[in-house]
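Trainee: I would like to go through some of the terms used for this kind of model and see what each one rests on. Can we take them in turn?

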Amino acid sequence: MLAFIGRRILVAIPTIVLISIFVFSLQQLLPGDPILAMAGEERDPETIEYLREKYGFNDPIPVQYVKWVSGVLQGDLGISLRSNQPVTELLLQKLPVTIQLAVMAMIFAIAIGVPMGIVSAVKKGTVLDYAANLIALSGLSIPNFWLGIMLILLVSVKWGLLPASGYVSPAEDFGRSITTMLMPAFVLGTALAATLMRHTRSAMLGVLKSDYVRTARAKGLNERRVILKHAFRNALVPIVTLMALLFGELIAGAVLTEQIFTIPGFGKLVVDAVFNRDYAVVQGIVLCTAVGFIIMNLLADAAYFALNPRLRKQ
Amino acid sequence: MLRHLTLGAVLLGATVLGAQAQDLRIALQSDADVLDPDQSRTFVGRIVYTALCDKLVDITPELELIGQLATEWSWNEDQTQLTMQLREGVTFHDGTPFNAEAVAYNIERSQTLEESRRKSEVASITGTEVLGEYEIRFDLAQPDATLLAQLADRAGMMISPTAAQEAGADFGSNPVCSGPFAFDNRVAQDRIVLTRFADYWNADEINFDSVTYLPIPDNTVRLANLQSGDVHIVDRVSATDLEQAKADPNVQVASAVSLGYQGITVNVGNGERANTPLGQDARIRRALSLSIDREALNQVVFNGAFAAGNQPFPPNSPWFDQDHPIPARDVEAAKALLAEAGYPDGLTIQIQAPNSTEPQQVMQVVQAMAAEAGITIEIVSKEFATMLQDQTAGDYTASQVGWSGRVDPDGNIHQFVTTDGGINDSGFSDPKVDELLNAARTTNDTAERRDLYNQARDILMEQSPLVYLYHQTWIWGLDDAISGFTPYPDGMIRLEGVSLQE
């Protein structure tokens, strides 16, 4: 098990390096000069030249990349051009926000998607199955930003139940932190719930046909035990894989949802950074996200071992 | 009803905590950049400074100059020395006393800090002389009519020398000024929180314990926050949301025509791409201008909320040249001009525009109108930073771009159309215009300046390197419990006299 994890980490390192080179080069292809973008309305040529020198934009691109890498190895991810804040500080500020949103969205997704998937599989072909599929399809098809704005207009403006947008940190006010995140988490969660529901359904359908389920039924176990204890547990492996991948995606930042609900997470940060040509920030986020994804994959693999005793023997 | 219940519950909670902490929440269209007046470049940054940093002088809604940190000022005979009396008993947020030494330090920083964006604004000051604890003199090489207006903006914002010396170029992460509110904390893209400064010289006019600025870029969501009671003031309600805002009983609306403009800048001399019929022949540019019905444009895209324009200043500005009123649409005249220029069957031109909603809608209306005069417009949509770079480099034929506007008229013309102007992306160059505009900067006589600008306007109208289209109107959304808010043409949210009744 440890050897397995060790091998995976070794493979992860060149992956991260390649991703960072790729994104670094792509950014350079973007038209638009970062210093000019930063300059906004007032463009004094002298100051612009000074800033170009200061941030190293006059160096050739490979040199810029090497400088960035050596900075990273020392824990320095550079400075945001727009706010003069160190990128590390920005990322540390945004990470808890993104994780909170991701966790809450995941809870919604699992709470909605998994039971619907189980019901849909068990009651295959009935009205319940069709209803669940319809809900899943709607969840996949309805655009996040539309659902988000509609919810704000209905829930916040019309009914006054929840705050319209914004973010409050749990340390500051736990209750308000949850209420502020409810709508965005719901919006994100429903989209994921749909995917989760479809996969749960097909995993369950596969498992319900198997021999041991037939045996369990033949033994006279009550139906609920059969479904939940025997069928579902065995269907968990693909579901857990999917959940890990989805969570990794969530860490990358739910761009549209964060924009609508003004949540200061990674999604909003990376979009603004690209528009402002804030290269250091984009690089930092890509690095963080890539590492996050790799960790989630690792955890998913570790979960297999926990769930499926047969794998442990390898 | 529920909103009031929630508000009531929150207030009850606040009173239970013991203090009657009144927090004003203001939603801004975007996030401010670095909070250092010398390095700052954004419009919303200036809104935050209104509460954070006092300036030497300020403006009235009628664009007249009044003292803020300065109480009186006078010019000498030949307008090369400006002597200012400063307000006594003012301290910066960190306790450092405000005096003439502090002013001298600030001017020097604006001129010499490497990262300073204010250099060109205070370039005319060759030196300062501290005449007394509260008296300072600015020495100029030649008269500069724009100087006082510059000191009514970021160049005149006074920061604490103690804090600035300690922090250097990093001053922005913890700004220390002398305004009614002091910097408390900031989370990028989330909020900027300022708390009341107890020793503010004008504390009687300030009715809040704290101000929180929340950047909410989406127009609908920003307004929704106001309607649901989550914020009290909203910056820039969009023109299309105006009816909805007016119809809401919990919301009031205030507006003022801005100092700036939006128009089409034509590349007439900036590199190779100026060699187009549009760039080379003023008749075609005038034809384009004549083919547009500016009032209709205003009605269609902005529900009539904005103001049509054909000059850098709005029609209600004292600097508007009455000899050149906004032309009515004249398709026949436009066609005649095109024929004269050698294009009786019309021609095709390319205009680039940022890929956000308003500019795209404006350009589509212009495209439809110009087509009837035989001018086919190809709209090239570009993302803003890209467009800006292409414009600066001269890699464009025409561009839909605007300017946020400055108090002094010079700020709306000089750098755009003088030969060495810092933002002369069109590449326009006319020695007579240079002469007139440079002269208008060096006299403080309003009538004389107006005459000079009008003379320049005659040439600029004939040449039309910029085709002005409209002037934005600032529209603020306010909670109906807010009173004392005054709309200003510079778009700033000044908190003196503003209060929230519960």
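Trainee: How far apart are the C-alpha centres of domain 1 of chain B and domain 2 of chain B?

Mentor: They lie 30 Å apart. Chain B is divided into domain 1 (2-29 + 180-246 + 474-500), domain 2 (57-166) and domain 3 (261-471), with bounds that come from an automatic or database domain assignment. This is a predicted model, where local features need pLDDT of at least 70, side-chain atom pairs count only at pLDDT 80 or more, and totals for chains, interfaces and linings use all residues. Residues are numbered from 1 along each chain as its sequence is written, while chains are lettered from A and ligands numbered from 1 in the order in which they are written.

Trainee: What makes residues of domain 1 of chain B and domain 2 of chain B count as in contact?

Mentor: Two residues are in contact if their C-beta atoms, placed from the backbone, lie within 7 Å. By that test, 9 residues of domain 1 of chain B meet 8 residues of domain 2 of chain B. The domain 1 side of this contact has 6 nonpolar, 1 polar and 2 charged residues. Ala, Val, Leu, Ile, Met, Phe, Trp, Tyr, Cys and Pro count as nonpolar, Asp, Glu, Lys and Arg as charged, and the others, Gly among them, as polar.

Trainee: Why is Gln68(B) called buried?

Mentor: A residue is buried if 20 or more other C-beta atoms lie within 10 Å of its own, exposed if 12 or fewer, and partly exposed in between, with C-beta atoms placed from the backbone. Gln68(B) has 23 other C-beta atoms within 10 Å, so Gln68(B) is buried. Gln68(B) lies in the loop between β3 (65-67) and β4 (70-75) of chain B. Leaving aside residues up to four places away in sequence, Gln68(B) touches Asp54(B), Lys55(B), Leu56(B), Val57(B) and Asp58(B).

Trainee: What makes strand β13 (residues 261-266) of chain B mostly covered?

Mentor: In β13(B), 5 of its 6 residues are buried.

Trainee: How do you know that β13(B) pairs with β17 (residues 398-403) of chain B?

Mentor: Two strands pair if DSSP finds at least two bridges between them. β13(B) and β17(B) are joined by 6 bridges and run antiparallel, with Tyr261(B) opposite Trp403(B). β13(B) also has 4 bridges to β18 (residues 466-471) of chain B, again antiparallel. There, Gly263(B) has Tyr468(B) as its bridge partner.

Trainee: At what angle do helix α7 (residues 144-158) of chain A and helix α8 (residues 174-208) of chain A pack?

Mentor: At about 145 degrees, with their axes 10 Å apart. Axes are lines fitted to C-alpha atoms, for helices over the stretch in contact, and angles run from 0 to 180 degrees between N-to-C directions. Among the residues that meet are Leu147(A) and Leu151(A) in α7(A), and Val187(A) and Ala191(A) in α8(A). The contact of α7(A) with α8(A) has 8 nonpolar, 2 polar and no charged residues.

Conventions:
Helix = DSSP H or I, 4+ residues; strand = E, 2+ residues; numbered from the N terminus.
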